[in-house]
Structures are given as structure tokens and as C-alpha cells.
Amino acid sequence: MKDRRHRRADTVTLALSYQLDACCKDGAIDAMVVADRDGLPLAGAGDAYACDEVAARMCVLVGPHVTSFDGTLLGHGAHWQVRMQTLAIDGNEVLVCAVGGTAEARKRQIARGAAGAARILAN
């Protein structure tokens with residue numbers, strides 16, 4: 001079996017960041033973030049401001065009401081095209097968000113990012 005990873009990490013946060021960074025690059029996504037239910041980013045890649053703002057806003061405004069979202073998220077003087085999916089891991093829920101890029105790219109990379117986050121966080 002061939003290992004596709006190009007970078008290895010010693011911590012969960014760094015492993016998640018590497019996974020999200022690969023998703024951003026492959027999908028031409030502006031940012032991706034994995035956040036806890038309080039809106040605190042566990043890991044992110046790409047535009048740091050977008051990661052922080054989207055994580056906080058999605059957890060407060062959208063996450064408690066739906067398990068997935070695809071649309072425009074408005075912020076203070078900014079707006080982002082976002083796809084979000086909740087992910088249950090060991091009884092805890094995290095949000096995986098993709099920001100920017102095309103709708104199809106967000107869909108593909110959110111699936112990839114969620115699968116990677118599930119694998120990494122399950123260990």
C-alpha cells in the first residue's frame with residue numbers, strides 16, 4: 001500500500017493543518033478550518049482571518065441549527081462563500097468549513113477534509 005502523505009506531523013493540530021492545506025491547494029480554496037462547537041479553530045489553512053471569523057460565526061449562527069450549509073456567510077464588512085459540515089467524533093461534534101473557490105471545489109474538499117479530520121481525530 002502506497003502512503004500518499006508528503007508531510008508527517010507529530011501533533012494532531014499539525015496533522016489537521018497539513019490535511020486542510022492540501023485540500024486548499026488541490027481545490028483552489030481560500031481557507032479551510034476545523035472548529036469545535038464553541039467556534040474555536042482546532043486547525044486551519046489558508047486565510048487566517050477567514051478561518052477565525054467563519055469558525056466563530058458558523059458555530060454561533062448556523063451550526064446549532066443544521067448539520068450542513070452551503071451559501072454566503074456575512075461578517076463585519078466581509079462575506080464568504082462557505083460550505084460547512086458537522087462531524088461527530090467520539091461523541092463530540094466539530095465543524096469542517098471550506099471558504100472560497102467554486103461550489104463544486106468546496107463540496108469535494110469538504111468531503112475530503114471531513115474524512116481526513118475523522119481519521120486524524122479518531123486516533
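This report describes the sheet, the helices packed on it, and the side-chain pairs of one predicted model.

## Basis

The model is predicted, so local features need pLDDT of at least 70 and side-chain atom pairs count only at pLDDT 80 or more, while totals for chains, interfaces and linings use all residues. Residues are numbered from 1 along each chain as its sequence is written, and side-chain values use heavy atoms, with hydrogens and water left out.

## Sheet

Five strands form an open sheet in the order β2-β1-β5-β4-β3, with antiparallel pairing. Strands (E, at least two residues) and helices (H or I, at least four) are DSSP runs numbered from the N terminus; two strands pair if DSSP finds at least two bridges between them. At the edges are β2 (41-46) and β3 (68-75), each of which pairs on one side only. From one strand to the next the twist averages 20 degrees; axes are lines fitted to C-alpha atoms, for helices over the stretch in contact, and angles run from 0 to 180 degrees between N-to-C directions.

Eight bridges join strand β4 (residues 78-89) to strand β5 (residues 92-99) in the antiparallel sense. Ala 88 has Glu 93 of β5 as its bridge partner.

## Helices on the sheet

Helix α3 (residues 103-122) packs on the sheet and touches β1, β3, β4 and β5, where contact means heavy atoms within 4.5 Å. The direction of α3 makes about 40 degrees with that of β4. Helix α1 (residues 12-27) lies across β1 (31-36) and β2, and runs at about 35 degrees to β2.

## Salt bridges

The count comes to seven salt bridges, each defined as a side-chain nitrogen of Lys or Arg within 4 Å of a carboxyl oxygen of Asp or Glu. One of them joins the side chains of Glu 93 and Arg 37, at 2.2 Å from N to O. Glu 93 is in strand β5 and Arg 37 in the loop between β1 and β2, so this pair ties together parts that are 56 residues apart in sequence. Relative accessible area is 32% for Glu 93 and 29% for Arg 37, and both residues count as partly exposed (buried is under 20%, exposed over 50%, partly exposed in between, with a 1.4 Å probe and protein chains only).

Asp 70 and Arg 83 also meet through their side chains in a salt bridge, at 3.0 Å from N to O. This pair links strand β3, which holds Asp 70, with strand β4, which holds Arg 83, 13 residues apart. Asp 70 is partly exposed at 39%, and Arg 83 is partly exposed at 21%. Within helix α3, Arg 108 and Glu 104 are four residues apart, or about one helical turn. Their side chains form a salt bridge of 3.8 Å, N to O. Arg 108 is partly exposed at 44%, as is Glu 104 at 45%. Salt bridges with shared partners join Asp 70, Arg 83 and Arg 106 into one network.

## Aromatic pair

There is one aromatic pair, under the rule that rings of Phe, Tyr and Trp (its six-membered ring) pair if their centres lie within 6.5 Å. The ring centres of Tyr 49 and Trp 80 are 6.2 Å apart and the planes are at 50 degrees, so the pair is tilted; planes under 30 degrees apart count as stacked, over 60 as edge-to-face and the rest as tilted.

Tyr 49 belongs to helix α2 (residues 48-62) and Trp 80 to strand β4, so the pair ties together parts 31 residues apart in sequence. Trp 80 is buried at 9% relative accessible area, whereas Tyr 49 is partly exposed at 44%.
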